[in-house]
Amino acid sequence: MNTQGSPASQGSQSRRFGMDVEAIKSAMTDILECRVGKDIYTATTRDWFDTMAYLVRDRMVERWMQTTRGYYRKDAKRVYYFSMEFLIGRSLQNALLNLGILDAAEQAMHNFGINLDEVLEIEPEAALGNGGLGRLAACFLDSMATIGIPGYGYGIRYEYGMFRQVIENGSQVEHPDNWLRYGNPWEFARAEIIYPVRFNGRIVDVTDEDGQLRHHWVDTDEVIAMAYDMPIPGYGASTANNMRLWSAKSSRDFDLGYFNEGNYIKAVEAEAQSENISRVLYPSDTTYMGKELRLRQQYFFVCASLQDILHRHERFHGSFDNLPDKVAIQLNDTHPAIAIAELMRILIDVHGYEWPRAWKIVTGTFSYTNHTLMPEALEVWSVKLFGRVLPRHLQIIYDINFEFLKEVMHRWPGDAQLQQRMSIIQETPERGVRMAHLAIIGSHHVNGVARLHTELMKATIFADFARFDASKFINMTNGVTPRRWLHHINRPLSLLISSHIGDEWVSDLDQLERLAPLAADPGFRAQFHAAKQHNKERLAALLHQRLNIDVRTDSVFDVQIKRIHEYKRQLLNVLHIVTAYNRIRHRAAQAPIVPRTFIFAGKAAPGYVLAKLIIKLINDVGDIINNDPAANDLLRVVFIPNYDVSTASDIMPAADLSEQISTAGTEASGTGNMKLALNGALTIGTLDGANIEIRDAVGADNIFIFGHTAEELAQMESYSARAVYQSNDELRDVMDMIFKGFFSPDQPDRYLPLYDALLVKNDRFRVLADYASYIECQERVSCLYEDSAAWTRTAITNVAHMGRFSSDRTIREYAREIWHVPTMSLSSQI
């Protein structure tokens with residue numbers, strides 16, 4: 001048999017998967033007609049998107065299959081990244097760039113009379129994540145594929161995103177985010193890959209023939225997890241890894257009896273209840289039912305993922321004794337931490353392992369990434385809820401806790417308070433399961449995501465655990481993929497950089513160091529400024545088109561785009577805006593006022609009342625300022641709704657100033673700070689999260705740092721927010737305007753809850769403590785912006801020193817220090 005095929009078939013295959021313009025045109029015609037079911041005369045923009053997506057997917061699949069076969073041939077140790085979120089954004093342009101066929105695709109589209117930009121814009125954003133946690137996971141998958149790490153992403157295929165944010169009368173209103181309305185051309189449904197996931201039930205204890213006590217989980221409710229796969233292509237390499245997402249399916253058939261009786265709701269009730277598990281990202285946890293659904297989601301995806309991993313491992317190795325040598329599972333925050341108890345259950349109850357042997361396998365397999373320093377953000381599940389939904393897992397967690405606390409007692413006998421602090425089970429205010437403690441105890445490494453965050457993690461929330469085993473804790477400063485966050489979203493700057501230093505920087509971000517000498521070159525500065533100006537004009541046009549707001553492109557584009565939360569201090573930004581407004585009204589500034597466009601974007605959790613009130617305040621302040629002839633030529637306030645990856649991609653290339661102003665010691669790392677600096681924005685920020693490392697990289701003279709440090713705040717024993725308010729006339733005027741109804745004349749007491757948070761509850765996040773320093777720092781920003789050459793030189797210096805903030809570097813460190821997985825080159829086999 002001729003396995004190579006005839007010359008004619010080889011030529012057909014070459015045309016089908018070719019990368020040149022003619023091959024792409026030919027493939028587009030075939031796909032449009034045979035898979036989309038249209039011709040060039042009837043095809044809509046969406047049809048052309050589907051056509052191009054299938055064309056790109058076909059080219060990714062070839063390397064995807066070869067990558068998988070290569071991993072099996074080399075019996076590679078694999079990394080499995082467990083995350084509730086993967087905020088991958090739109091995929092088409094990123095895939096075209098990674099495959100190196102963007103220009104050819106654009107030309108082929110042009111030959112059909114189609115504008116590729118319009119096709120790219122119609123792609124819906126995959127609503128598989130919400131914020132930094134999910135975007136980090138997506139960056140990591142991109143980097144693993146690019147540098148050759150055998151990596152899988154595991155998560156949930158949400159039918160709806162968290163919500164689509166609409167601003168109505170200045171307030172956030174949540175609407176369903178039905179991102180799958182038109183299907184998803186990137187995924188492969190795997191109807192043959194299904195696993196049962198059980199809930200509820202009871203435990204029956206029996207003694208086996210060897211006299212061993214065994215536990216049987218019986219009378220359970222069952223849901224089926226079905227796999228959907230998406231290839232993740234690496235840049236310019238032959239590797240394409242896999243992201244496998246689980247969708248919940250009912251294990252019970254449609255009830256025809258109820259249907260024939262006319263009880264149509266009852267006929268589908270069981271199916272609907274089962275499939276709710278993968279329906280919505282982060283259902284509200286303000287109700288008991290919402291909490292239960294979140295817990296079910298978490299267990300659902302880790303249970304299915306572990307069955308999948310163990311099935312793959314057992315096929316080739318026969319035993320789980322070597323699981324830590326062949327499998328590394330990274331827990332992205334505490335959401336998947338129940339996997340530790342689930343793997344113990346499988347090893348002990350299903351495969352008959354004894355406890356010590358099973359525990360050694362578990363702790364050799366898992367590692368845990370912490371993303372928060374705030375105790376209230378660490379997941380704690382009610383014991384009552386946990387025991388009802390996952391009764392066997394609660395038993396196992398009790399046993400893990402008992403064995404661990406014995407070790408603690410032996411190290412520090414008689415210290416009951418220490419045992420209480422380190423216990424997985426919290427006793428007050430109600431009994432609960434501390435998932436962070438389970439993750440720490442069951443993992444071989446625990447990492448923070450920035451140098452300061454890791455230090456504070458060991459010194460504060462996990463101090464007892466660090467004292468118990470300091471070697472377990474390690475820092476892995478976050479990074480971002482330069483493919484998405486510069487090469488993809490900022491073509492003017494990307495092309496400028498490549499024209500001067502080549503394009504190796506796309507996969508080796510340290511190459512940007514070669515830009516540093518060019519900061520002194522007037523010609524390069526002019527080109528850099530022109531690229532920034534082009535991006536600002538593009539964003540200004542989008543603001544006019546979508547929000548009917550006109551902004552000056554010669555103004556400072558002052559950007560704060562992130563989740564709305566008190567600790568991120570959008571409120572401090574608003575205080576500065578009102579201060580600037582008052583100075584214009586009263587002409588009180590010593591120096592000329594530099595025009596500013598303040599740009600906000602971000603979502604507030606549906607149940608977070610104060611965060612939603614901050615959004616309303618931003619819009620109320622904007623409404624007054626934008627319509628005041630005395631100020632609106634100098635100041636504009638814009639809130640861009642429904643912040644997502646695509647919105648970030650519009651804003652970041654145009655940003656002049658990046659607001660990273662969280663209270664020192666509260667932000668774990670931040671990656672928005674890295675993305676904005678990479679795109680030539682200067683940072684104004686506190687010494688918090690990765691801001692410290694950015695300062696160290698770019699130099700203290702090339703960043704605007706203000707405010708109290710984490711150490712200073714910790715030593716601030718007698719802080720009085722009211723004393724600060726009373727002692728600063730400018731601050732008092734600003735706050736009185738807000739809290740006495742200047743910006744809300746229809747409801748003067750609208751912002752009294754914010755007044756209470758700042759003055760009655762003594763300003764937990766020290767907004768007022770940092771106000772004066774922040775205002776002074778903003779004055780320095782204005783002074784530098786007036787010197788265009790100096791500003792541009794500083795921006796170039798920032799870009800040139802962002803190499804260490806590539807997620808490629810982060811992943812290499814994880815691979816070397818936590819996973820013990822080598823990079824692999826498969827190019828010779830493809």
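## A buried asparagine

A residue counts as buried when its relative accessible area is under 20%. In this predicted model, N626 has a relative accessible area of 12% and is therefore buried. N626 belongs to helix α24, which covers residues 609-626, and, once neighbours within four places in sequence are left aside, N626 is in contact with N632, L635, R636 and V637.

## The open sheet

Nine strands make up an open sheet with mixed pairing, and their order is β5-β8-β9-β2-β1-β10-β11-β15-β16. At the edges stand β5 (188-199) and β16 (473-475), each of which pairs on one side only, while the twist from one strand to the next averages 25°.

Within this order, strand β10 (residues 327-332) and strand β11 (residues 366-369) run in the parallel sense and are paired over four bridges; I329 has F366 of β11 as its bridge partner. Helix α13 (residues 355-365) packs on the sheet, where α13 touches both β10 and β11, and the direction of the helix makes about 40° with that of β11.

In soluble globular proteins, nonpolar side chains tend to be buried together. The largest nonpolar core of this model holds 147 residues, and those with the most contacts inside it are V56, F82, L96, W246, F300, F386 and W819. Helix α10 (residues 288-317) gives the most to this core, contributing 10 residues. As for L96, when residues up to four places away in sequence are not counted, L96 touches M52, V56, I101, L102, A105, L116 and L120.

Another core lies apart from the largest one and has 115 residues, among them L575, I599, F706 and Y785.

## A crossing of two helices

Two packed helices are described by the angle between their axes and the distance between the axes. How do the axes of helix α23 and helix α30 cross? The axes of α23 (residues 570-586) and α30 (residues 729-739) come within 10 Å and cross at roughly 105°. Because angles of 65 to 115 degrees count as roughly perpendicular, α23 and α30 are described as roughly perpendicular to each other.

On the side of α23, the contact is made by V574, L575, V578, T579, Y581, N582, R583 and R585, and on the side of α30 by E730, L731, V734, M735, M737 and I738. Divided by kind, the residues of this contact are nine nonpolar, two polar and three charged.

Notes
Residues are numbered from 1 along each chain as its sequence is written. This is a predicted model: local features need pLDDT of at least 70, side-chain atom pairs count only at pLDDT 80 or more; totals for chains, interfaces and linings use all residues. Side-chain values use heavy atoms; hydrogens and water are left out. Axes are lines fitted to C-alpha atoms, for helices over the stretch in contact, and angles run from 0 to 180 degrees between N-to-C directions. Helices (H or I, at least four residues) and strands (E, at least two) are DSSP runs, numbered from the N terminus. Angles under 35 degrees count as roughly parallel, over 145 as roughly antiparallel, 65 to 115 as roughly perpendicular and the rest as oblique. Contact means heavy atoms within 4.5 Å. Ala, Val, Leu, Ile, Met, Phe, Trp, Tyr, Cys and Pro count as nonpolar, Asp, Glu, Lys and Arg as charged, and the others, Gly among them, as polar. Two strands pair if DSSP finds at least two bridges between them. A nonpolar core is a set of buried Ala, Val, Leu, Ile, Met, Phe, Trp, Tyr and Cys residues joined through side-chain atoms within 4.5 Å. Buried means under 20% relative accessible area, exposed over 50%, partly exposed in between (1.4 Å probe, protein chains only).
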